[in-house]
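Thanks for coming. I'll take one model today and go through its contacts, its strands, its last helix and its charged pairs.

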Amino acid sequence: MKWNARRTFGVEIEFFGCTRESVAQALNAKGIRAYVEGWNKRTVSHWKIVTDSSVNGRGCNNSNGKGNEIVSPILRGEAGLRELKVVLETLNECGAKVDKSCGIHVHHGVEDFTLDHLKNVYALYARYE
């Protein structure tokens, strides 16, 4: 299956080692809208940075001692990949850390998938999970 430049995707990246506020400030300074929010499942049009209680990395320095998660808005194609790259670079610049308690989740838009595509995804998942 070829890359679909219109394909939508979203990411959730867990981290610790820097504050949610410092990440939001750095991203906004680069023109990427990012806001600190309380934990929620809302899909929004900006990057949201929330607490994540599953992250137990040493060195968490935010006020509640928990880890963080940055959640993307719905991204699309090459422009979305470029934005994600800036976010990852910014996390590194802010001193974000990860360990075994951290994860990354990628959501893929599949509106153009056929049944065969979905079967292939399932087979790959079953083989590698």
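Among contacts between residues at least 6 apart in sequence, 73% join residues at least 24 apart; contact here means heavy atoms within 4.5 Å. This is a predicted model: local features need pLDDT of at least 70, side-chain atom pairs count only at pLDDT 80 or more, and totals for chains, interfaces and linings use all residues. Residues are numbered from 1 along each chain as its sequence is written, and side-chain values use heavy atoms, with hydrogens and water left out.

The protein has 3 helices and 6 strands, in the order β-α-β-β-β-β-α-β-α along the sequence. Those are DSSP runs numbered from the N terminus: H or I of at least four residues for helices, E of at least two for strands.

Of the 129 residues, 38% count as buried. Buried is under 20% relative accessible area, exposed is over 50%, and partly exposed is in between, with a 1.4 Å probe and protein chains only.

Now strand 3, residues 47–52. Of its 6 residues, 5 are buried. Strand 3 runs parallel to strand 2 (residues 34–36), with 3 bridges joining them, and Tyr35 stands opposite Lys48. With strand 4 (residues 67–71) strand 3 runs antiparallel, through 5 bridges; there Val50 stands opposite Glu69. Pairing requires that DSSP finds at least two bridges between two strands.

Helix 3 is another matter. Among its 14 residues, the count of buried residues is 0. Its end C-alpha atoms are 20 Å apart, which agrees with the 20 Å it should span at 1.5 Å a residue; the expected span is 1.5 Å times one less than the number of residues.

On to charges. Which residue forms a salt bridge with Asp112? Arg7 does, with the closest N and O atoms 2.8 Å apart. The criterion is a side-chain nitrogen of Lys or Arg within 4 Å of a carboxyl oxygen of Asp or Glu, and by this rule the count comes to 4 salt bridges. Asp112 sits in the loop between strand 6 and helix 3, and Arg7 in the segment before strand 1, 105 residues apart. Arg7 is buried at 9% relative accessible area, while Asp112 is partly exposed at 33%.

Lys30 forms a salt bridge with Glu93, at 2.6 Å between the closest N and O atoms. Lys30 lies in the loop between helix 1 and strand 2 and Glu93 in helix 2, so this pair ties together parts 63 residues apart in sequence. Glu93 is exposed at 56% relative accessibility.
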